[in-house]
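I opened the notebook to look up salt bridges and surface in this structure. My entries follow the order in which I checked things.

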Amino acid sequence: MRRSFEKFEGVTCPKLITERLEMVPMTVELVEAVLDGRRADTEVILGAKMPTAWPGRALVERAFLARIDAVRADPDHRLWGDRVALSLEPSPRVIGSVVFHGGPDPEGLVEVAYGIEEESQRQGFGFEAVSASVAWALSEPRVRAVRASTFTWHLASRRILEKLGFRVVATEDDLLGEMLKYEVVPSAFRR
């Protein structure tokens, strides 16, 4: 993975470049545009086309557990490591995102979540985006481990996590089924 440390105004994480993706840090301005449904503004901010059905408001609300006022109040913590995944070929287009639910907690833990728009699924983009983002997070001095949660029935998500070295550390019941809680530490991470 090549890393670009170009900084974005108000963002403390770098842009990441992989073989097929440019992982662009999220900003408060971008989050506001998406939440407000300002598609044209979102495309201008990112310099890329948005998919027809992504991101839907429900997906954004699940990804951002914090309210927008909490994001505005502490963007360095709430948007820590959050990136939009842009496909580089044939022209830039948004294919998904990888977010962390805030910066490292006092124990050095962060939780990652991700989504790839439907037309771009089953092409390895999810693995590529999550791999780059988790590698970056695990290289950060304050991070001891990365966690993730997914349902037992979400096989594609489970495959990504397990291929990267994540292991199930707990389970919990949810309205939609059994939720698996995963974790990976730097020594177990695989790319």
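I started with Glu43, which is buried at 17% relative accessibility, under the 20% cut-off. I am working from a predicted model.

I looked for a partner and found Arg39, in a salt bridge with Glu43 at 3.7 Å between the closest N and O atoms. Arg39 is partly exposed, with a relative accessible area of 36%. Both sit in helix H2 (residues 39-46), four residues apart, so about one helical turn separates them.

Next I checked Glu117 and Arg93. Their side chains form a salt bridge, 3.3 Å from N to O. Glu117 is in the loop between strand S6 (109-116) and helix H6 (125-139), and Arg93 is in strand S5 (residues 93-100), so the pair ties together parts 24 residues apart in sequence. I noted Glu117 as buried at 5% and Arg93 as partly exposed at 27%.

Then I took Lys15. Its side chain meets that of Glu22 in a salt bridge, 3.0 Å from N to O. Lys15 is buried, with 10% relative accessible area.

I also logged a salt-bridge network linking Asp36, Arg38 and Asp41. The total for the structure is 12 salt bridges.

Trp153, Leu175 and Leu176 make a nonpolar patch of about 430 Å². Trp153 lies in the loop between strand S7 (145-151) and helix H7 (155-163), and is partly exposed at 48%.

Last, I recorded the overall figures. The protein has seven helices and nine strands. Of its 191 residues, 46% are buried. The accessible surface is about 10000 Å², with 52% belonging to carbon and sulfur atoms.

Conventions. Residues are numbered from 1 along each chain as its sequence is written. This is a predicted model: local features need pLDDT of at least 70, side-chain atom pairs count only at pLDDT 80 or more; totals for chains, interfaces and linings use all residues. Side-chain values use heavy atoms; hydrogens and water are left out. Helices (H or I, at least four residues) and strands (E, at least two) are DSSP runs, numbered from the N terminus. Buried means under 20% relative accessible area, exposed over 50%, partly exposed in between (1.4 Å probe, protein chains only). Accessible areas come from the Shrake-Rupley method with a 1.4 Å probe; for residues, only the protein chains shown count as cover. Patches are made of residues with over 30% relative accessible area and no salt bridge: like charges are joined within 9 Å, nonpolar side chains (Val, Leu, Ile, Met, Phe, Trp, Tyr) within 5 Å. A salt bridge is a side-chain nitrogen of Lys or Arg within 4 Å of a carboxyl oxygen of Asp or Glu.
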